[in-house]
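Biologist: Please show me the structure, and then let us go through it by question and answer.

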Amino acid sequence: MVTAIYGILLIISVGVLLYMAIKTYENIDINYWTIVILIPLVILGYYLKTMAQTTQAAIYCFCFIYIDSTVLLMVVLLCMLRAMEAKTPIWVKIAGYGACVVHLAIVWLCIDNQLYYKSMRLIDTGMGIATKMQSGPLRLYHWIFIAAVLVSMVIILVVGVIKKGTYSRRSFAIYSIFLIIGIAMYILEFVVDLDFTPLPAVYVAADVMICIEYDRAHAHDISCLISEQQKHRSRKGYAAFDLSGRYLSCNEKTYEFLPELKEQIVDKKLKEDSHLAEIFYKLIKDYKDNKTMSLIFDVGDVICKCEISEFAMRQRGRKMGYLFDLSDVTEEQKMIAVMKDYNKSLDEEVTAKTAHIEHIQEKLVLGLANMVENRDDNTGGHVKRTSDVIKILVEQIEELGVYNIDQQKATDIIKAAPTHDLGKITIENAILLKPGKLTDEEYAIMKTHSTKSGEFVHILLEDVEEPHFVEVAYNVARYHHERWDGRGYPEGLVGEMIPVEARIMAVADVYDALVSKRCYKESLSFDKAAQIMIEGMGTQFDPNMLPVFIGCRERLEQYYSSAEAR
């Protein structure tokens with residue numbers, strides 16, 4: 001009967017291991033994986049021991065069983081330390097696991113030579129084979145080791161109870177309770193001299209409980225939600241809440257925006273009338289109700305932007321909570337406010353002069369575009385040249401009839417060309433003016449300029465320009481870095497999903513970059529540039545632009561050879 005019970009427990013423990021193995025976790029907790037691997041081995045030892053017919057077979061089973069009172073105990077202690085976010089020095093781990101290795105070496109080398117056990121006999125109880133042993137001199141090391149584990153456990157428990165901070169008491173309690181129960185059962189088994197130990201049931205219960213809590217435990221570690229570089233070096237703050245609104249974790253940068261978060265207890269909800277609740281809970285509600293993705297709020301003289309997204313602990317896993325992204329947008333908001341105020345004053349001043357408004361607005365866009373260009377040494381004259389190139393391309397398109405573009409849209413496309421890089425005004429000089437190749441992180445920041453360009457088009461033009469022009473300018477600004485094959489940004493649009501005006505702008509933008517000199521490269525010859533452009537038709541560019549480019553290639557080369565393009 002006991003054999004059957006141990007067999008069922010073995011199957012459950014193996015099932016837990018397999019269940020964890022098939023889940024595609026983004027992050028792996030090596031301590032927990034050590035537990036789920038060792039528990040089936042230990043239970044296998046108990047299971048086989050109940051069927052042993054010789055003392056030698058029982059000895060081999062004990063070699064598996066002793067893993068529980070050595071390595072398994074040490075791993076659980078380390079899990080307790082990790083649960084309360086204590087940094088364990090490497091020498092502590094080496095000392096702990098070293099003691100486990102010594103303990104196992106004594107067992108494995110001396111268990112059958114009367115140094116560890118003086119004698120061992122088997123008893124058939126009718127429910128399985130039980131073993132009775134008489135301790136040898138080296139068994140003293142075992143009790144010294146257990147005593148050291150008990151002392152360590154008590155110290156960790158005391159520190160965990162009195163420690164202030166935002167670590168998860170729930171995870172800490174789970175490890176602590178099962179460790180206490182396990183050691184108590186072990187001592188009870190020795191004192192009462194039980195035929196069969198209940199420890200395998202304790203191990204399986206702990207295994208199942210920790211498995212259930214695995215996702216939640218990881219949500220308390222912000223580095224499982226963002227990369228280590230983002231955690232320690234990012235200029236942004238990150239905070240995580242579960243689906244019920246309970247606080248989980250944040251990185252250090254978040255405390256600069258919201259210092260009161262230092263006092264928030266993990267796994268507890270925010271106070272309903274608190275400043276934190278006004279930010280996080282309001283954004284969660286707006287996100288659920290209206291799909292609102294961001295919220296602007298003030299912290300002293302700093303204007304912060306808080307953006308919300310959902311997170312899961314593994315690929316394609318169920319949603320576990322909300323991840324908030326906090327950033328300083330003071331300068332951006334001030335600039336936008338100035339632009340809005342300026343647009344408002346213009347609107348009030350020239351309400352009856354639509355043509356004049358359009359002229360002023362065009363000058364403003366060009367001025368901002370030139371402002372961006374003056375910051376970027378790499379693109380001198382780029383705004384003017386791309387505007388001229390767009391005009392040449394549009395004229396060729398109209399001549400060939402490649403697209404169904406009416407005269408109004410053709411005019412709008414030419415007029416919208418200067419808006420395509422407005423968003424670069426938000427890019428830091430360190431990135432915008434970097435002479436060498438950008439890092440992946442810098443490139444990711446640089447790519448945001450297309451999205452920002454689209455936003456500025458709405459801010460600058462929406463209330464004072466005709467809707468048809470605003471739409472064209474927005475598409476040019478936001479989507480001119482999309483690729484025909486879908487490998488562009490910001491949205492990865494494919495083929496005709498990309499607005500036609502953005503497809504035309506992409507050709508003008510890239511061609512100018514190829515034939516113009518930059519601080520990090522010389523200009524390419526017309527033949528080499530044309531070869532690259534033609535090869536890119538159908539991958540980077542709309543293949544319908546191939547006859548357009550070929551048809552106006554000579555005009556383009558004449559333009560770039562003239563003084564007008566310099």
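**The sheet and its surroundings**

Modeller: In this predicted model, 5 strands make up an open sheet with antiparallel pairing, in the order β4-β3-β7-β6-β5.

Biologist: Which are the edge strands of the sheet?

Modeller: An edge strand pairs on one side only. The order of the strands is β4-β3-β7-β6-β5.

Biologist: How many bridges join β5 to β6?

Modeller: Strand β6 covers residues 302-311, and β5 and β6 run antiparallel. One of the bridge pairs sets Ile296 against Lys305 in β6. The number of bridges joining β5 to β6 is 6.

Biologist: What is the average twist from one strand to the next?

Modeller: The sheet is open and its pairing is antiparallel. From one strand to the next, the twist averages 25 degrees.

Biologist: What share of the residues of the protein chain counts as buried?

Modeller: The protein chain has 21 helices and 7 strands. Its accessible surface comes to about 27900 Å², with 58% belonging to carbon and sulfur atoms. A residue counts as buried if its relative accessible area is under 20%. Of the 566 residues, the buried share is 49%.

Key:
Residues numbered from 1 in each chain as written. Predicted model: local features only at pLDDT ≥ 70, side-chain atom pairs only at ≥ 80, totals over all residues. Heavy atoms only, no water. Pairing = 2+ DSSP bridges. Helix = DSSP H or I, 4+ residues; strand = E, 2+ residues; numbered from the N terminus. Axes fitted to C-alpha atoms, helices over the stretch in contact; angles between N-to-C directions. Buried < 20%, exposed > 50% of the residue type's maximum accessible area, 1.4 Å probe, protein only. Areas by Shrake-Rupley, 256 points an atom, 1.4 Å probe, with all protein chains shown as cover.
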